[in-house]
Amino acid sequence: MVARKAETLAVKGQVDPMSTAPFRITRVIKETQDTFSMELAPEASGERFSFSPGQFNMLYVFGVGEVPISISSDPTGQMPLVHTTRAVGAVTQAMWKLKAGDALGIRGPYGRGWPVEQALHNDVVIVAGGIGLAPLRPVIYSILADRDRFGRVVLLYGTRTPEDMLFRKELEKWRSRFDLEIHMTVDRATGSWRGNVGVVTTLIGRSPFDHQNCVAMVCGPEIMMRFTVLELQKRGVNDDRIFISMERNMKCGIGLCGHCQLGSSFACKDGPVYSFAEIKALFTKREM
Amino acid sequence: MAVNKILPRDDFQRLISFLRTDGYQVIGPTLRQGAVVYEEIQSTSDLPEGWIDLQDGGSYRLERSETSAFFGYVVGPQSWKQFLCPPQRKLLTAEQTGKSFNVIVYDEKPIKRAFVGVRPCEIAAMAVQDKVLMEGPFVDPSYRLARQNAIIIAVNCARAGGTCFCVSMGTGPKASSGFDIALTELIDQHGHRFLVEAGSEIGIGMVTKLALGDASESDIEAGEKAIANASANMGRTLDTSGIKELLYTNFDHGRWNDAASRCLSCANCTMVCPTCFCATVDEATDLSGKCAERWRKWDSCFTVGFSYIHGGSIRTSGMSRYRQWMTHKLAYWQDQFGTSGCVGCGRCITWCPVGIDITEEARAIRHTR
């Protein structure tokens with residue numbers, strides 16, 4: 001009898017895709033009262049962590065578990081790998097307690113990110129709600145690294161209160177640039193806030209962009225994305241030029257565990273970024 | 001390859017011994033707690049000789065048969081996925097080292113297994129799981145390892161069960177590929193014997209070494225007749241024409257609520273399904289907290305926690321979970337993997353405690369508003 005050639009899992013060059021690599025936390029930045037950014041460096045000295053804007057990693061806290069978190073750093077390699085996380089669940093709360101010098105497990109990057117290539121030579125409209133700015137920040141870095149090849153760039157950012165705004169110093173720096181148009185708004189003004197008050201969708205109507213030659217990238221709570229899409233459609237932006245990032249439960253990040261299914265797609269590999277044209281049939285259906 | 005041989009009933013032990021001698025763990029059907037289950041077998045006396053299963057929605061009973069067939073039953077609650085994609089598998093161990101940790105990926109040793117008694121619908125189910133777990137951009141290395149080290153001894157169906165609908169799904173009752181050897185059990189005036197067809201190099205090698213005699217034309221005819229009998233007696237049918245479009249345009253059909261009013265969300269259908277692949281990952285630490293293990297475990301889209309994201313679950317109603325499961329099986333799967341996720345084995349109907357019937361639900365969606 002001809003026995004089939006036996007091989008173990010550790011065949012040459014083959015890494016189990018569920019394995020995780022320890023990264024050292026080099027710095028923790030408190031962004032808001034419940035949101036923090038972590039700068040990370042691989043423990044095994046290796047190449048720069050390369051990813052595309054909008055992709056995510058599976059972050060593992062030793063002894064607690066693993067969660068999908070989008071990457072918020074500069075994909076062009078000007079800064080270390082950064083994840084910006086809100087402490088809301090068991091794993092992210094355990095992560096909140098980690099300090100510089102501690103380690104995290106990382107595997108990734110996974111998923112289909114924002115269409116930066118498609119946005120070349122177009123106006124770019126970025127609409128973010130709350131922590132939704134984190135996965136969009138790499139887009140801004142990418143554009144700024146190659147600013148001449150894009151048209152007008154508009155960032156519209158809304159949060160509940162001024163204290164919930166992420167990356168405040170950076171936003172101030174960007175606001176002073178002439179080649180970025182940034183508008184911010186809050187649901188509820190507190191302290192010394194003198195800016196816009198109201199939902200982020202109110203900023204869309206008065207923003208300068210060419211609706212026929214623009215790409216819109218939207219990330220925030222589903223309800224915010226729904227109304228943002230409506231406003232963009234009102235401005236005449238086509239569905240295939242509107243992109244949104246969907247959140248689903250993910251256990252593996254590589255399309256093998258089934259949890260993140262959204263219609264016939266897997267949010268982990270076919271998303272998390274979708275054009276609105278792709279998912280509009282499912283987007284307004286409940287419990288899909 | 002289409003040369004047919006004959007294996008007499010009394011020589012079946014030779015086949016088992018042959019595989020065992022060659023280092024294969026032989027897994028086959030055996031009786032356990034009132035059901036036919038798949039376990040390691042040593043000899044033909046472990047096989048469910050002379051037993052058949054009577055199946056219907058929410059009902060499974062074993063009964064003595066009029067014949068002494070080894071494979072008179074149809075399918076039991078288990079499928080081969082428990083060996084290829086086991087209910088629990090260790091992924092890795094992490095050991096704390098100061099402020100960091102070391103990761104030790106679980107290096108699984110291959111086990112050579114011979115699956116004896118694989119039904120044509122189960123071969124189809126393996127092909128479906130192959131697409132999901134080893135033919136996409138990411139591969140489950142444990143699944144591939146188990147799959148590559150498995151020999152498939154198929155047994156074509158001479159009898160259809162009460163919940164079978166493989167004919168509708170185009171997966172049976174005769175295996176056309178995906179096996180090393182396919183058997184058809186024959187019991188008539190010429191005796192108790194098996195028609196043998198080799199389907200691979202390994203199968204040809206086995207047939208040669210077993211030195212089996214050629215099948216006669218009447219043997220081949222008897223085999224075809226037995227399979228035709230199974231075809232003609234399917235317990236259920238499912239009209240698959242345009243089923244994807246049908247379900248995609250009926251997310252709001254009233255029948256989903258009707259099914260949900262009966263569904264217990266117990267997840268039985270997903271556990272017995274030979275193609276369901278959903279899994280979660282659990283973390284387990286030892287008492288010192290210095291050593292953690294990560295385990296992949298079967299999960300089910302029928303649990304509320306399955307779709308949990310911060311703030312709550314996406315699919316909170318039983319209606320949405322039943323709709324997700326059935327639409328995935330019959331429609332989404334086609335877009336995802338180019339095949340139906342259902343092979344027509346009928347297990348989800350038989351093992352549903354309230355007898356919800358996927359063929360009946362699909363029919364209701366097609367014919368009612």
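**Salt bridges and overall form of the predicted model**

Over all chains, the structure holds 44 salt bridges, a salt bridge being a side-chain nitrogen of Lys or Arg within 4 Å of a carboxyl oxygen of Asp or Glu. The model is predicted, so local features need pLDDT of at least 70 and side-chain atom pairs count only at pLDDT 80 or more, while totals for chains, interfaces and linings use all residues. Residues are numbered from 1 along each chain as its sequence is written, chains are lettered from A in the order in which they are written, and side-chain values use heavy atoms, with hydrogens and water left out.

In chain B, Glu108(B) and Arg89(B) form a salt bridge at 3.2 Å, N to O. Glu108(B) lies in the loop between strands S7 (100-105) and S8 (113-118) and Arg89(B) in strand S6 (residues 88-97), so the pair ties together parts that are 19 residues apart in sequence; strands (E, at least two residues) and helices (H or I, at least four) are DSSP runs numbered from the N terminus. Both Glu108(B) and Arg89(B) are buried, where buried means under 20% relative accessible area, exposed over 50% and partly exposed in between (1.4 Å probe, protein chains only).

In chain A, a salt bridge of 3.0 Å, N to O, joins the side chains of Arg149(A) and Asp146(A). Arg149(A) is partly exposed, with a relative accessible area of 38%, and Asp146(A) is likewise partly exposed, at 28%. The secondary structure of chain A comprises five helices and 15 strands. Buried residues make up 57% of its 288 residues.
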